[in-house]
Structures are given as C-alpha cells and as structure tokens.
Amino acid sequence: MDESISTYYTHLTVPREDEHRHLNMTFLQELPSYRSIVRRRASILGRDKTRGSLLKPASSDHKAHLEIGKLEKEHVGSQSIRKYALDISEKRRLREIQEAQIKYLSDWDQWKQYSTKSWKKFIEETKELASHLELWRNDLRSIEGKFGTGIQAYFAFLRFLVILNLVIFIIIFLFILLPIILTKYKITDSTFLIIPSSEIDLRCKVYTMNSTGLIYFYTYMIDLLSGTGFLEWTSLFYGHYTVDGIKFKTFTYDLPLAYLLSTIAYMSLSLLWIVKRSVEGFKQNLVRSEEQYQSYCNKIFAGWDFCITDQTTARLKHSSILYELKTDLEEERIRQKIAERTPEETLRIYSLRLLLNTVVVAFLASCFYSIYVATVFSQEHMKKEINKMVFGENLLILYLPSIVITMANFITPLIFSRIIHYEDYSPAFEIRLTLLRCVFMRLATICVLVLTLGSKITYCDNEDCRVCGYNHKLYPCWENQVGQEMYKLMIFDLIINLAVTIFIEFPRKLLVTHCSNWKLIRCWGQQEFAIPDNVLGIVYGQTICWIGSFFSPLLPAIATVKFIIIFYVKEISLMYTCRPSTRPFRASNSNFFFLLVLLIGLSLAFIPLGISMTHIPSSKACGPFTNFNTSWDAIPKTVSTFPVALQTLVHAVTSEAFAVPFFIVICLIMFYFIALAGAHKRVVVQLRQQLAVESRDKHYLVRRLTELQEETRNRPS
C-alpha cells in the first residue's frame, strides 16, 4: 500500500515543463501523509509489493479511461443506475450506454433483463404500498416530528410487540382453537377422541369445580379479574383442552402434539424474529461506532435530529446535546482521575463497590423472599369459600403476589439509582449498570413466582399425595393455577399503567400548569417520558405473555389488546402531560437496546417453561397431556410411531454422537466469523488512519495557503 501511495504522490509531482512544476513537487512532498509513507517504506522495504492498496497508481490518462470503460461495461448492465452516486448528466450517459448494450443482446438476455427490471419495479411498488398500510404510521410520524427519533423508537418497538403477539395468537388459534371449534359446533364431520388410561389412579382425576361465580356481582368481578370461577373452564385456560385427539374422516388430529409443537413454534419464531432485528440494529451500531476524538465533532456537526419540528422539543434537543457533551467531558475527567489514582484510593473504591454490591444482592434476595412468602400465603388462603370473606379481603389475597411484585419493581429502581452514585462510575456506565440491575429485578421476579408455584405443586408430605407425582389435592389442575397467576399479572400490570397515567401524570400536569407559582410544584416539574423505564415495563409484560401462553392459550390475544391500549394511553400521556427527558439514554436512538432487553426476557422465559414441560408431571385431571407423565413425552411417543428408518435417523440426530461433531463444526464456523470480523476491524482501523492522514494534509494545506496569502499582502507592490 505504501509503495502505491508513494508512486501516486510521485506521479502528482513529476516536473513536466519548468521550475514551477518542480516547486509543486517539493510542496506536495512536504505533506504529512507523504512523509509518513516514506518513513514506513524504509521500515518495511521487504514487504510484498503485489499486496493490494487503497490508492491505485495512475500511469496515464489513457489507462484511466480504459479502466472506466471496462467498469462501465461490466457493471452498467447488471446494476441499477440509481445506485450510482453521480449527477443527472452522468446518469443519463450511463442510461444511454445501457440502452445501446441491450440492442446487441440475444432475445433470451433481453427478456431476462426486462423481467429483472419488472420484478424490481414490482417489489418497489409493493413496498411502497405496504408502507402506507403500516400500523400507526401517521401516529409514529407525528411523534417523531414533535419528540424526535428516540421516543419514536419506543412506540415502534411497542408496535412490534403488538404484531408479534398477534402472530403468536394466530398460530395458537390455527393449531389448537380452530380444530376444537370446528368439532364442538359441528362445522365439520369430526368427533373428540378421549382415550381412558387404566394406569392412572382415580384419585388423580378428581377435579371439582365451584360454580358459584355467577351468583353475586362482586363474585363475578373477582372471577373476571382473577380468572377463577366461570372463566376457569373456558378456552382461556389449559384445562379446557382435555382432549386426546380429534377424529376427522380421513385422519386423526393429535391435539397434544399440536399443543406442544405450537408452543415450540411461537417461542422459536419469537427468538428468530428478535435475533434478526437485533442483528440489523447491531450492524447500525457497529457502523456508527466512533472513537472518542470523533465523538465531539459528530455531536456538534451531525448530532441534530432534523425530524424535529416543535420549538419546545428543539430546545430540549439542544439541552440533550449539551448534556451529552458534558457527559463526554465528565467521562474524560473520570478516566484521567482513574489513571491518577493511588493504590490506596483504588483499594478503597473497590472495597466500597464490593460492600454496595453486597447490599444490592441482599436487597434483591429480600425482594425474592417477599415474593416467595406472598405466593405461599396467597396459595394457602385462596382455597377458602368465597362467602366466608369480604370482597376486599378476597381480592387482596388473590392479587397479593402481583402487588408485591409491582411494589418491588417500583422501589428497587429508586434504591439502585441512589446506590450507584457512591460507586464512582462514569455517567454512561452508571446508566447501563442501573438498567441491568432493573432488568434482572423485573424479569427475575416472574421466574421466582413461577418456581415458587412449582415447588408448592410438587411438594408432597404423605404417600397419598405422591401417587400422582404432584400435590393433586391442592392443585388437581396445576396448569390452570399457573395460568391464572400469569393472567392476574397481565391484568394488574394494565391496571397499574392506566392508574399511573390517570391519577398521577394528569394531575401532575394540571398542578404544573396552573400552580407554577408554588415553589414545591416548580421543583417537582413536569413529568418526563423516561424511555428505559417504559421499555422495561412492556418487556416485563411480554415476558409474562411468553411464560403464560402455554398455560393460558388466549393470553397473547389479551397481550395484543393490552399493548394497543398502552400505545394510545402512552401517546396521549406523551402529547399532553409529558416532555422528553433532558437526560436521554444514549441507546434509545436505536432499537438494539430494546431488543437486547427483550431477548433477555425471552431467555428467562425458557427456564420455567422448560422445567414445566420436562420435569413437573402433567395434570391427570385436565388438559391434553393427561395420558403422559410430562408434556414433553408426547414427542417421543410420536417418534415411536414413525417407520424404523426414520426413527433411526431421529435418534441419531438427537444422540451425543451427532451433537459433539455438530458442536465442533459450529465452533469452527464461529471462529471463522470471529477471524473475519477481526480482519474487517483492521481494515476499518486503516481507513480511519487514512482519514486522519487526510485531515492532517488539509490542515497543512490550509496553513500554507494562509502563509502564502500573508506573504502576498506583505510583499511591496
């Protein structure tokens, strides 16, 4: 590369006519880039000269024209002219060349090129038409125009969750609900298939239902809010699908297998969809990644959001850019402070951080224990007769785990934000660590609730209880109990969102607007739209939906309606009561952070679902898996019905003899991509170095031009 660049500069500085050309050559050889290349040439003289370079030596104008003509012939016919970064005249010239080339093509090539163009045009028109059919397209544009791309990204993320839950519900409806509806209402000539099993103890099949839910209105409301009573045997919950199969004229539909595979399908679809969108966001973050010396220039010269049209939002954007510059300077100060720390100061800081992290862990443990105690207390007392309790007492016991989880999710971010100030981190790392702790707290509480229910379900203190493998006396249909807890969490989260907006945000806006003279109200200020907190809230709701969909198949439909309501509630709250945060989270301008948190939620959802399907015995009194020890046993049973050759293939693919070589191949592929990423990173470093060299050249040329102008002014006429 250095050889070719040096040749390039020598070509630019060859004297052709007189001494003036020689002076130009000397002037160009004084450039910092030329001097650095000459120095590097001396140190790497033995390097292979055939290695590729960024700058090609221009030997003659004729050769340059030949290269351009060759490139035009190769690429004009294969690429769209729109992709060329040229002016209109050049594009017209290329179009003429393209049309001239078509005349000399064969009929087949002409038809192929015409078909390719027509197909591309059809795809573009379809995309343009689909863009007009996007959900909440005008709302998102309005939000983007008034509040910028950061808040718009939150609402776009909320729209993605609406579509995701709608797709999940469609999968469940097609493979689980639809066959039952067609058979139940005699739409098709099919019958339910129920296979009795003599191996199951009769005590495990007892499931008595209390049908007093429709007598009193308050009881009806309790059932509606908690999923008990008249809702317990509806299609909302797992127990409604107590069918071993559906017999049609020509085939038998295996409902247990369909139930299990549909769960695997929508969880896998969620994973692939999130990973795909995360990779796109990661690519954007990788392209936009910058070194520290470039950060200031990019914020000053390219940091403005031109989608903003509102004057108030523009002032907030000014303050946010100012805040980011202050944050960068603060991070530089902290880095310098860290470099100047003495060993005693370093030991003191790390000891303090260890102590504070111990406090954080202890507080998390106390929250988890509180959820455990609340869940146990609720499960032990919710079996009382409804007429023995008053309305408030019964509702409080039913919702006690949800209330404790909500209080923990509300209190812990406040405590974490106080503790982090004493740990002496940089402002950016403070935000990331606080969010990481809050994410873990919000999502782990759901897992603690489900695992606590699992421990209560599998706990047996006598031989009569161990007959079924689970506590069939307290939980004859334990899947319904888990589904009801997820249903209550979903409903309670929606109620909290509505209550906060109606009873806190709107009164606060009225006080700030009409009582601004009061010092306390002025210090309280207007409500800020905190993007990370709102994202954590909807990820929490989505994690509940993933865990509960197996136990409550209609929960994705409820989640879809819930997120639609939240979209409009948050939009109204944003437009009339909130303002953008003056201290924005930096990753809020990209969906990568949102999807990363969502991916963490999905990963945690796999844990209770996997334990429920593979380790806890399925209920023998309800559900499609009454004839299986666990839900997962439906797959081995189905495989046993395959032909012998196919069974051998399936067992071979799932065996350790296949898993170990497959893992090795995956590792090799991963190492290849890591090496490829390292090579690309080195190229990026070289390009950045070239940009730095070019900036020094411009600096030098501007300085020399200024000196020449001063010499010209000072020269006597």
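**Entry 1: cysteines**

I started at Cys438 and found this residue buried, with a relative accessible area of 6%. A note to myself before going on: this is a predicted model. Next I looked up Cys667, which is also buried, because its relative accessible area of 19% falls under the 20% cut-off.

How many disulfides does a search of the whole structure find? The search gives one. Cys477 and Cys622 form this disulfide, and I read 1.8 Å between their sulfur atoms. The link of Cys477 and Cys622 is right-handed, with 85° about the S-S bond. The pair joins distant parts of the chain, 145 residues apart. I placed Cys477 in the loop between helix H16 (427–458) and helix H17 (478–514), and Cys622 in the loop between helix H21 (591–614) and helix H22 (634–639).

Are the two partners buried or exposed? Cys477 is buried, at 2% relative accessible area, and Cys622 is buried too, at 0%.

**Entry 2: confidence**

The chain averages a pLDDT of 77, and 79% of the residues score at least 70. Which helix has the lowest confidence, and which the highest? Helix H4 (residues 61–75) is lowest, with a mean of 44, while helix H20 (residues 555–576) is highest, at 92.

I marked two stretches for caution. Over residues 1–19 the pLDDT stays under 50, and the model has 38 contacts for them beyond four places in sequence. Residues 46–78 also have a pLDDT below 50, with 27 contacts in the model beyond near neighbours in sequence. Where pLDDT is low, predicted coordinates should not be read in detail, so I left those contacts alone.

**Entry 3: Thr445**

I went back to helix H16, where Thr445 lies. Thr445 counts as buried, at 0% relative accessibility. What does Thr445 touch, not counting residues up to four places away in sequence? I listed Phe368, Ile371, Ile405, Asn409 and Tyr540.

**Entry 4: the nonpolar core**

The largest nonpolar core has 120 residues. Which of these touch the most other members? My list reads Tyr154, Phe155, Phe157, Met486, Trp546 and Leu598. Helix H8 (residues 149–184) gives the largest share of this core, with 16 residues. In soluble globular proteins, nonpolar side chains tend to be buried together.

Leaving aside neighbours within four places in sequence, Tyr154 is in contact with Phe529, Ile531, Asn534, Val535, Ile538, Ile566, Lys570 and Phe594.

**Entry 5: helix H24**

Helix H24 covers residues 656–714, 59 residues in number. From first C-alpha to last I get 86 Å, close to the 87 Å expected at 1.5 Å a residue. Which residues of H24 are buried? They are Cys667, Arg688, Val693, Asp697 and Tyr700, so Cys667 from my first entry turns up again here, at 19%.

**Entry 6: the whole chain**

I closed with the totals. The secondary structure of the chain comes to 24 helices and five strands. Of its 717 residues, 39% count as buried. The accessible surface comes to about 42100 Å², and carbon and sulfur atoms hold 65% of that. Among contacts between residues at least 6 apart in sequence, 75% join residues at least 24 apart.

Terms used:
Residues are numbered from 1 along each chain as its sequence is written. This is a predicted model: local features need pLDDT of at least 70, side-chain atom pairs count only at pLDDT 80 or more; totals for chains, interfaces and linings use all residues. Side-chain values use heavy atoms; hydrogens and water are left out. A disulfide is a pair of cysteine sulfur atoms within 2.5 Å. Helices (H or I, at least four residues) and strands (E, at least two) are DSSP runs, numbered from the N terminus. Buried means under 20% relative accessible area, exposed over 50%, partly exposed in between (1.4 Å probe, protein chains only). pLDDT is the predictor's confidence in each residue, from 0 to 100. Contact means heavy atoms within 4.5 Å. The expected span of a helix is 1.5 Å times one less than its number of residues. A nonpolar core is a set of buried Ala, Val, Leu, Ile, Met, Phe, Trp, Tyr and Cys residues joined through side-chain atoms within 4.5 Å. Accessible areas come from the Shrake-Rupley method with a 1.4 Å probe; for residues, only the protein chains shown count as cover.
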